[in-house]
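Have the viewer open as you read.

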Amino acid sequence: MPLSSPVTDREVIICRDVDELSRKAAERFVGLARQSIAARGRFAVALSGGSTPKALYSLLATAEFSEQLDWRQIHLFFGDERCVAPDHAESNYRMVAESLLTKIAIPDKNVHPMAGELAPEAAAAAYAAELTGFFDLKEDQPPRFDLIFLGLGEDGHTASLFPDSSALHETEALVAPVYVEKLKAHRLTLTLPTINSAGQISFLIAGQSKSAVVKSIFTGQNTEAPAARIKPGHGKLTWFITEDAAGDLGKA
Ligand code: 6PG
């Protein structure tokens, strides 16, 4: 069964492994950066947390890629964050800093971390205000990121939008504080209206453990999964996915 689906129009790029996935995603990043900077003078990206994107960030930090990028015009935001200090082992900011930020010449003002160290409500409000200022948003206008990277959890969560989470039903807030019962943890996340307003959304998915949820989403069985609700209104959706995560989907 080909890896296309009636659910939504999406591009699917199957990769041998995380290295190939990271290289293809890095090439896409460079291409989009050039287009956005030529068209709008800047490239606004929301980065994903978790472990899968780490190799991509490390690759972007290599001379091969970083020298192709004008970091003075690139703004790095976060799709979600754990409510911990930026130097905490669980911090998405720390992961990005160690794998990318500390290795490239990007101005500090171009890096926009979520304040995981603050109270969740205050941190979400502060980030929404930062997005409103950066994108010069009008009332009820969502930001239009040029690119948003997302991951996928085995339960179908993406960013920090978890199944049964009240944040899934947010229609106005740009950013939401989330309490994840099963993790006994607070998180911050961009909401669906914010994510689905992006020009490009790219899932980065690797590992056999993801094959069941990938299949349930691609076959349309699991339309309730947060990741299944990622449907850019006026943008492009791409799934960069490793063969083991694609499982038998994509095999002729
Ligand atoms: C986070 C992420 C989360 C992640 C998935 C997949 O902060 O944890 O944003 O949505 O992308 O949990 O994580 P892995 O890439 O580690 O499998």
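A charge sits over a ring if NZ of Lys or CZ of Arg is within 6 Å of the ring centre and within 35 degrees of the ring normal. R42 meets this test, lying over the face of F134 at 3.9 Å from the ring centre. R10 is placed over the face of F218, also with 3.9 Å to the ring centre.

Before going further, a word on the model. It is predicted, with local features needing pLDDT of at least 70 and side-chain atom pairs counting only at pLDDT 80 or more, while totals for chains, interfaces and linings use all residues. Residues are numbered from 1 along each chain as its sequence is written, and side-chain values use heavy atoms, with hydrogens and water left out.

**Aromatic pairs**

How many aromatic pairs does the structure hold? There are twelve, where rings of Phe, Tyr and Trp (its six-membered ring) pair if their centres lie within 6.5 Å, and planes under 30 degrees apart count as stacked, over 60 as edge-to-face and the rest as tilted. Two of these pairs are set out below.

| Pair | Centre to centre | Angle between planes | Type |
|---|---|---|---|
| F29 and F149 | 6.3 Å | 10° | stacked |
| F135 and F145 | 5.0 Å | 75° | edge-to-face |

The F29 and F149 pair joins distant parts of the chain, 120 residues apart: F29 belongs to helix α1 (residues 18-40) and F149 to strand β5 (residues 147-150). Helices (H or I, at least four residues) and strands (E, at least two) are DSSP runs, numbered from the N terminus. F29 and F149 are both buried, meaning under 20% relative accessible area, with exposed over 50% and partly exposed in between (1.4 Å probe, protein chains only).

F135 and F145 both come from the loop between α5 (120-134) and β5, ten residues apart. F135 is buried at a relative accessible area of 14%, and F145 is buried at 0%. Ring pairs also tie F135 and F145 into a cluster with F77, Y127 and F134.

**The sheet**

Six strands form an open sheet in the order β1-β9-β8-β5-β2-β3, with parallel pairing; two strands pair if DSSP finds at least two bridges between them. Because β1 (11-15) and β3 each have a single partner strand, they stand at the edges, and one side of each is left without a neighbour in the sheet. Neighbouring strands are turned by 20° against each other on average, direction ignored.

β3 (residues 74-78) pairs with β2 (residues 43-47) in the parallel sense over five bridges. Across this pairing, V45 stands opposite L76 and A46 opposite F77. Is β3 mostly covered or mostly open? It is mostly covered, as five of its five residues are buried. I74, L76 and F78 are buried on one side of β3, H75 and F77 on the other. In a regular strand the side chains alternate between the two faces of the sheet.

Helix α1 lies across β1, β2, β3, β5, β8 (200-205) and β9 (236-242), running at about 155° to β9. Such axes are lines fitted to C-alpha atoms, for helices over the stretch in contact (heavy atoms within 4.5 Å), and angles run from 0 to 180 degrees between N-to-C directions.

**A threonine in β7**

T189 is found in strand β7 (residues 185-190) and is buried at 0% relative accessibility. Not counting residues up to four places away in sequence, T189 touches several residues, among them G79, D80, M114, S160 and L161. A polar atom of the T189 side chain lies 3.1 Å from the backbone nitrogen of S160.

Conventions. Polar contact = N/O pair within 3.5 Å; in protein donor to acceptor, adjacent residues only side chain to side chain.
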